[in-house]
Amino acid sequence: MSHWLLRIPLAIVFLQQGLAKWPIDAETAASWELPLIVWAFVVLGEIGAGVGLIVGGLMQNLKNLLKELGDLITRFSGITICSIMTGVIWMSQPASFMDVILYDNFHVMLWVGGLFFALRGNRT
């Protein structure tokens, strides 16, 4: 049950960030210097990862195949979070790896949270 203390805040952050970027438009994508297709994947990925963390967690108490599907949804959501956060960190163009670790704490913590769910799934 303690995994919910990590799962809920992480899902809320990604849902909030994804919904704040809605609707998807070319002007906003251009302001971030991203192609529209990449921007669409980011927005839909953030929303999907947030929903996936919650839905995957709720499915862990079901039986057999649905339980395994919930685990896969949680893992895929974690991979999606790691991918998006890697892009966010790269877009900030840090001078070194130490700059990321020392000064970009929020994004690193989101990345680590995504990595936790990607590696552990619902087996927490």
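Helix H4 has a buried set made up of Gly70, Asp71, Thr74, Ser77, Gly78, Thr80, Ile81, Cys82, Ile84, Met85 and Ile89, where buried means under 20% relative accessible area with a 1.4 Å probe and protein chains only. The model is predicted, so local features need pLDDT of at least 70 and side-chain atom pairs pLDDT 80 or more, while totals for chains, interfaces and linings use all residues. Numbering starts from 1 along each chain as its sequence is written, and side-chain values use heavy atoms, with hydrogens and water left out.

The buried residues of H4 pack against H1, H3 (36–58), H5 (97–103) and H6 (105–120); helices here are DSSP runs of H or I, at least four residues long. As for length, the 28 residues of H4 (residues 64–91) should span 40 Å at 1.5 Å a residue, and the end C-alpha atoms sit 41 Å apart, which agrees. The expected figure is 1.5 Å times one less than the number of residues. After H4 comes glutamine 93, with a positive phi near 50°.

H4 and H6 pack at about 155°, their axes 7 Å apart. That makes the pair roughly antiparallel, a label for angles over 145 degrees. On the H4 side, the contact (heavy atoms within 4.5 Å) includes Asp71, Arg75 and Met85, and on the H6 side Trp111, Gly114 and Phe117 are among the partners.

Histidine 3 lies in the segment before H1 (4–20). At 7% relative accessibility, histidine 3 counts as buried. Its side chain makes a polar contact of 2.8 Å with that of glutamine 60, that is, a pair of N or O atoms within 3.5 Å, one able to donate a hydrogen and the other to accept it, with sequence neighbours counted only if both atoms are side-chain atoms.

Methods: Helices (H or I, at least four residues) and strands (E, at least two) are DSSP runs, numbered from the N terminus. Buried means under 20% relative accessible area, exposed over 50%, partly exposed in between (1.4 Å probe, protein chains only). Axes are lines fitted to C-alpha atoms, for helices over the stretch in contact, and angles run from 0 to 180 degrees between N-to-C directions. Angles under 35 degrees count as roughly parallel, over 145 as roughly antiparallel, 65 to 115 as roughly perpendicular and the rest as oblique.
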